[in-house]
Amino acid sequence: MAKPLPAYRGDDAFVFGCYAHDDKARVYPEIRWLQDQGINVWYDEGISAGTVWRSEIGKAIEHAQQLLFFVSRFALASDHCSREVHLALDEGKQVIPLYLE
């Protein structure tokens, strides 16, 4: 499965894409579409090699305008997705659900 464009890096507004990797075949085209519409999207492709995964995720959520949660049975069962959504809510971020099923 080809990844969308690289994850957003910069100082402009962006959304954080939260999804379960089991859903990447459905999520990547959605991220690509958002990017094609000019929406800056950060997703876990934006984690550089050798960095602390949790720290990078936390920083990205803290700086995001919203969190786009790609909801599926896999995402709902994912501890990672749960932590990301809860952190976004704790940070006062708007969580936008996009139901995949």
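Reader: Which residues does Ser72 touch, leaving out those up to four places away in sequence?
Author: Asp23, Arg26, Leu100 and Glu101. Contact here means heavy atoms within 4.5 Å.

Reader: What sort of model is this, and what's the numbering?
Author: A predicted one: local features need pLDDT of at least 70, side-chain atom pairs count only at pLDDT 80 or more, and totals for chains, interfaces and linings use all residues. Residues are numbered from 1 along each chain as its sequence is written, and side-chain values use heavy atoms, with hydrogens and water left out.

Reader: Where does Ser72 lie?
Author: In the loop between strand S3 (66-71) and helix H3 (73-77). Helices (H or I, at least four residues) and strands (E, at least two) are DSSP runs, numbered from the N terminus.

Reader: Is Ser72 buried or exposed?
Author: Buried, at a relative accessible area of 2%. Buried means under 20% relative accessible area, exposed over 50%, partly exposed in between (1.4 Å probe, protein chains only).

Reader: What polar contact does the Ser72 side chain make?
Author: One with the side chain of Asp23, at 2.3 Å. A polar contact is a pair of N or O atoms within 3.5 Å; within protein, one must be able to donate a hydrogen and the other to accept it, and residues adjacent in sequence count only if both atoms are side-chain atoms. Asp23 is buried too, with a relative accessible area of 1%.

Reader: OK, salt bridges. How many?
Author: Two. The rule is a side-chain nitrogen of Lys or Arg within 4 Å of a carboxyl oxygen of Asp or Glu. Arg26 pairs with Asp23, closest N and O atoms 2.8 Å apart. Arg26 also pairs with Glu101, where that distance is 3.3 Å. The Arg26 and Glu101 pair links distant parts of the chain, 75 residues apart: Arg26 is in helix H1 (residues 24-36), Glu101 in the segment after strand S4 (94-99).

Reader: How accessible is Arg26? And Glu101?
Author: Arg26 is partly exposed at 33%. Glu101 is exposed at 53%.

Reader: Switching topic. Which residues touch the most other members of the largest nonpolar core?
Author: Phe16, Cys18, Ile31, Trp42, Leu67, Phe69 and Phe70, out of 29 residues. Such a core is a set of buried Ala, Val, Leu, Ile, Met, Phe, Trp, Tyr and Cys residues joined through side-chain atoms within 4.5 Å.

Reader: Which element gives the most to this core?
Author: S3, with five residues.
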